[in-house]
Amino acid sequence: MTLSRADCLVIGGGPAGATAARQLALQGLDVVVLEKDRHPRFHVGESFLPRSLAQLRELGLEDRLERLPRVQKLGAEFLEGHAGSEPSRIWFRDALGGGEPEAFNIARAPFDAMLLDAAREAGATVREDTPVREILELADGAVRVATADGEVAARYLLDASGQGTILGRHLGTRRVLPALKKVAYFGHFRGVGRAEDETGGFISLVLCREGWFWLIPLDEETTSIGLVLHHGDARQLPVPASQILGWAVRRCPVMAERCADAVFPESNGVTADFSYTCAPYAGPGYFLLGDAATFLDPIFSTGVCLGMMGAVEAAEHVAALVRGTGADAAARQQDYSRFVERSSRPFFRLVEGFYQQSFRELLLSESGPLEVHRALVAVLAGHVFPRPAFALRWRLRLFELFVRLQKRFELAPHREPFSLFDEAASADSAAA
Ligand SMILES: Cc1cc2nc3c(=O)[nH]c(=O)nc-3n(C[C@H](O)[C@H](O)[C@H](O)COP(=O)(O)OP(=O)(O)OC[C@H]3O[C@@H](n4cnc5c(N)ncnc54)[C@H](O)[C@@H]3O)c2cc1C
């Protein structure tokens, strides 16, 4: 039984799916969103980039954002986990080429619900509690999927199913990047210490040999804390998965100090955040959005920004295809794939670099010749669409060269990383 027939079918009502659905509906297209959960629902990923703030303005969503509790974020700080480490800071206002000087942190449940409501109000039909079970047909102009209630047909499919990667799995294109096999442990803490000046809203990234912690202030009381570990290290820990975050926080001197008066969650969430790609990102009958296209290690808070920017781009192509205007389907699919590829590539390169100590040493040094650091800040602020400007690209290459040189020479001070496994350096031993 076919339940409905639409111009466009979107799987998943997260930021990418909701944004695409709204853009399509605003253009008068008939759009159905199938979402397996019911919003608002918890989602990890609460730190946003300046480019996202600018995009929300461009989309006319600023007023809705203003109504949600959030924390202004002017930059990010990085520090080693050792006792007494001083943070190195980047300020978004220093980005080469300018751009929005600030971003924000926000709980994802209300943020994602806001976007999905906006799609609904623009005219999209949103069916929650409706997981897609199977792809039945996939061709330009004719797609069909199965749900528990029956089939839904449309002319184009936009897969925004997040890490569910429905289409990537269906097509067998999902490829995990072995160097970036990680596990993340996360939870909300209350009463974590933070600066009282304008750096109080910064995201803090506390580094250790086995990975890194994030601290994201969400409101006056709540801080989102997470730990991302290399897969191999995570398997060696002497505590159950649901207790690893508390164990690690107490063990790392910087984290233990910031959480000295905090209320810890009883247990932590766990997710394997293996990075992957499902390229090509579009093909006959489909476009892949957000995490359904590719997932990148969360270190630089890029997920929502990449997902929403790609969603707007895909919606433009799909709208033109449904109307039969402009380039043909294959050309548009290639164009879109290139957009995702080019905008995510600089982040993939930075993420791979980030797990090398020489990269971290340079990042922590806060400055460098030829405005290389300012170029890095511009990329970390999300100024990469549709691809980074030439002034950023060559500086990033230079930064990569510096990272290689740093292994042999001391361009920035060499640092011994903090290790969660190092008994002598742990907070437990400092307290004893
Ligand atoms: C540990 C960790 C930390 C992160 N931190 C950040 C951060 O600080 N900042 C940031 O920007 N990003 C962060 N991210 C990434 C970010 O959360 C994602 O990139 C972002 O949520 C992607 O949006 P999306 O719309 O593509 O997918 P999602 O937000 O995951 O939405 C996908 C939707 O699809 C639905 N769905 C799934 N399967 C089906 C199905 N079969 N049928 C129907 N619906 C389905 C889901 O219920 C979900 O609502 C982090 C990720 C991880 C793992």
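## Close-up views of cavities, ligand and backbone

**View A. The second largest cavity has a lining of 10 nonpolar, two polar and one charged residues.** This is a predicted model, and the view looks at a space of about 100 Å³. Lining it are 13 residues, with Ala76, Ile203, Phe300, Ser301 and Leu380 lying nearest the centre. Strand E4 (75–80) and strand E13 (203–208) are the elements that contribute two or more residues to this lining.

**View B. The largest cavity has a volume of about 160 Å³.** The whole structure was searched, and two cavities of 30 Å³ or more turned up. Around the largest cavity sit 17 lining residues, and nearest its centre are Gly290, Thr294, Leu306, Gly307 and Val340. Two or more residues each come from strand E20 (294–295), helix H9 (303–323) and helix H10 (329–354). If you are wondering which element supplies the largest share of this lining, look to H10, with five residues. Sorted by class, the lining holds eight nonpolar, eight polar and one charged residues.

**View C. The ligand takes up the space of the largest pocket.** The volume of this pocket is about 1,100 Å³. Its lining counts 49 residues, and His43, Val44, Arg108, Gln163 and Asp291 lie nearest the pocket centre. The elements giving two or more residues to this lining are H1, strand E12 (182–190), E13, strand E14 (211–217) and H9. Which of the elements gives the most to the lining of the largest pocket? That is H9, with four residues. The class tally for the pocket lining reads 23 nonpolar, 17 polar and nine charged residues.

**View D. A shell of 35 residues surrounds the ligand.** Closest to the ligand are Glu35, His43, Ser47, Arg108 and Asp291. Helix H1 (15–26) and H9 each provide at least two residues of the shell. By class, the shell is made up of 14 nonpolar, 13 polar and eight charged residues.

View E. How much of the ligand's accessible area does the protein cover? On its own the ligand has 990 Å² of accessible area, and the protein covers 95% of that.

View F. Pro40 is placed in the loop between strand E2 (31–34) and helix H2 (50–58). Pro280 belongs to the loop that joins strand E17 (276–277) and strand E18 (282–283).

**View G. Thr165 has a positive phi.** Most residues other than glycine have a negative phi. Thr165 is not a glycine, yet its phi is about 35°.

How values were computed:
Residues numbered from 1 in each chain as written. Predicted model: local features only at pLDDT ≥ 70, side-chain atom pairs only at ≥ 80, totals over all residues. Heavy atoms only, no water. 1 Å grid on protein atoms, 1.4 Å probe; cavity = no way out; pocket = protein on both sides within 12 Å on 5 of 7 lines; lining within 4 Å. Points joined across faces, edges and corners; volume = space filled by probe spheres on them. Nonpolar A, V, L, I, M, F, W, Y, C, P; charged D, E, K, R; others polar. Near = heavy atom within 4 Å. Areas by Shrake-Rupley, 256 points an atom, 1.4 Å probe, with all protein chains shown as cover. Sits in = over half its atoms within 2 Å of the grid points.
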